[in-house]
Amino acid sequence: MSKTLALGIESSANKVAVGVVDMDGSVVANVRETYITPPGTGFLPKETAEHHARVIVSLVQRALTEGGLTPEDIAVICYTKGPGMGGPLFVGCTVAKTLALLWKKPIIGVNHCIGHIEMGRVVTGSANPVILYVSGGNTQVIAYADHRYRIFGEAIDIAVGNCLDRVARCLGISNDPAPGYNIEQKAKKGKVFIELPYTVKGMDMSFSGVVSFIEQLLAHPQFTESDRCEPQKKRKQSNTPTLNTREKFNTDDICYSLQETLFAMLIEVAERAMSQTKANDVLIVGGVGCNVRLQEMMSIMTAERGGKSYDMDQRYCIDNGCMIAYAGILQYRTGLTTPLEECTVTQRFRTDEVYVGWRDK
């Protein structure tokens, strides 16, 4: 092949993925596996890493087969350096270094957040938007300036995706295919709006209070018994909050109220960032960005400002290997690679630490 192709490995959380892209962002292969745990549980680093280790080699083989490629066709190996969970990150890093040595290819450690941003920009064609990055591990409102992606606002405790995950566990909602997706489906059936904590502090947001409030709701007398999952029956009937409704409510109503509240907070901060940067458009990236209701609410806000909301489907919004490959190949084009001895992982790797040498001012 005459194309310059990058192979990317993503393994920062419960998804492990391999993707191959060309220098212009054209996708050649995109394969992924998800570690799914039983309802009411989350995923732990050790078990998640073991899952990734079991499937990652076959994913590399599948990606090559899907693209009709051989190792000789790959120009550079890219992997997620961070942020993320240590054990799963090490699996991707180790495999990437092994492939680089076996295939005699250069290697690049990629910031997971930058991968989301650059994949979003190339897929949607958005030039210079404010970026709303929402996932299980990160919640940031970002804008580009002077070769950096600057963080204008972020979650000060837990990410919005983690908030959704915790509520799903609290309500006994399935993790298959994803807790956030199942909350979205239940929210469509909700009718009663319950006022939940709404915490925006300047440009930052807090979501942990929402989880605590919903835990208390499950002991409320207006919560219908038919929807009470078994673990919650043992919850103490105390400290129940005062509600803004006298109607009975169920888990569908909780999911509906949860989405409306969380997404309003995100859009408020995104709109404020648009005003500060004089931007017209917003790009939504990260796994939570697949939520149709969030996309709809953002579209309404940006249209009122004469702009546009750019969003993606699950192929590229959810963690994927293509975004790591594309961000890596952008760096590769600037002439920079990662020395093998520096190919490590960094669990706390902030978006604004990366020098963005491939974009103009």
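Biologist: Where does Asp-319 lie, and what makes it count as buried or exposed?

Modeller: In this model, which is predicted, Asp-319 is in the loop between α9 (314-317) and α10 (321-333). Its relative accessible area is 11%, and buried means under 20%, so Asp-319 is called buried. Leaving aside neighbours within four places in sequence, Asp-319 is in contact with Glu-10, Ser-12, Ala-13, Lys-15, Ala-17, Arg-32, His-112 and His-116.

Biologist: Which residues does UniProt place in a "binding site" together with Asp-319, and how do you know that they cluster in space?

Modeller: The unreviewed UniProt entry gives this feature at His-112, His-116, Tyr-133 and Asp-319. They are spread over 208 residues of sequence, yet the largest C-alpha distance is 12.0 Å, and in that sense they cluster in space.

Biologist: Why is His-112 called buried, and what does it touch?

Modeller: His-112, which is in helix α3 (residues 112-124), has 3% relative accessibility, and since the cut-off for buried is under 20%, it counts as buried. Not counting residues up to four places away in sequence, His-112 touches residues including Glu-10, Thr-80, Tyr-133, Asp-319 and Met-323. The helix that holds His-112, α3, lies across β1, β3, β4 and β5, running at about 85° to β5.

Biologist: What makes Tyr-133 buried, and which other annotation covers it?

Modeller: Tyr-133 is in strand β6, and its relative accessibility of 0% is why it counts as buried. Among the residues that Tyr-133 touches, leaving out those up to four places away in sequence, are His-112, His-116, Asn-138 and Val-285. A UniProt "binding site" annotation, also from an unreviewed entry, covers Tyr-133 along with residues including Gly-136, Asp-165, Glu-184 and Asn-291.

Biologist: How do you know which strands are the edges of the open sheet?

Modeller: Five strands form that sheet in the order β3-β2-β1-β4-β5, with mixed pairing. The strands β3 (27-34) and β5 (107-111) each pair on one side only, and they are the edge strands. Neighbouring strands of this sheet are turned by 20° against each other on average, direction ignored.

Biologist: What joins β2 to β3, and which helix lies across them?

Modeller: Strand β2 (residues 15-22) and β3 run antiparallel and are joined by seven bridges, and Gly-19 has Asn-30 in β3 as its bridge partner. Helix α1 (residues 45-67) lies across β1 (5-10), β2, β3 and β4 (74-82), and runs at about 155° to β3.

Biologist: Why are the buried residues of α6 said to be on the same side?

Modeller: In helix α6 (residues 208-217), the residues Val-210, Val-211, Phe-213, Ile-214 and Leu-217 are buried. Their arc around the axis is only 165°, which puts them on the same side of α6. The cover over the buried residues of α6 includes α4 (160-171) and α7 (251-277).

Biologist: Which residues touch the most other members of the largest nonpolar core, and which element gives the largest share?

Modeller: That core has 51 residues, and Phe-207, Leu-217, Ile-254, Leu-258, Leu-262, Leu-266 and Leu-294 touch the most other members. The largest share, twelve residues, comes from α7. Apart from this core lies another, of 34 residues, among them Ile-108, Ile-131, Leu-330 and Trp-358.

Conventions
Residues numbered from 1 in each chain as written. Predicted model: local features only at pLDDT ≥ 70, side-chain atom pairs only at ≥ 80, totals over all residues. Heavy atoms only, no water. UniProt positions renumbered as here; feature names shortened; annotations may be inferred. Helix = DSSP H or I, 4+ residues; strand = E, 2+ residues; numbered from the N terminus. Buried < 20%, exposed > 50% of the residue type's maximum accessible area, 1.4 Å probe, protein only. Contact = heavy atoms within 4.5 Å. Pairing = 2+ DSSP bridges. Axes fitted to C-alpha atoms, helices over the stretch in contact; angles between N-to-C directions. Arc of directions from axis to C-beta. Core = buried A, V, L, I, M, F, W, Y, C linked by side-chain atoms within 4.5 Å.
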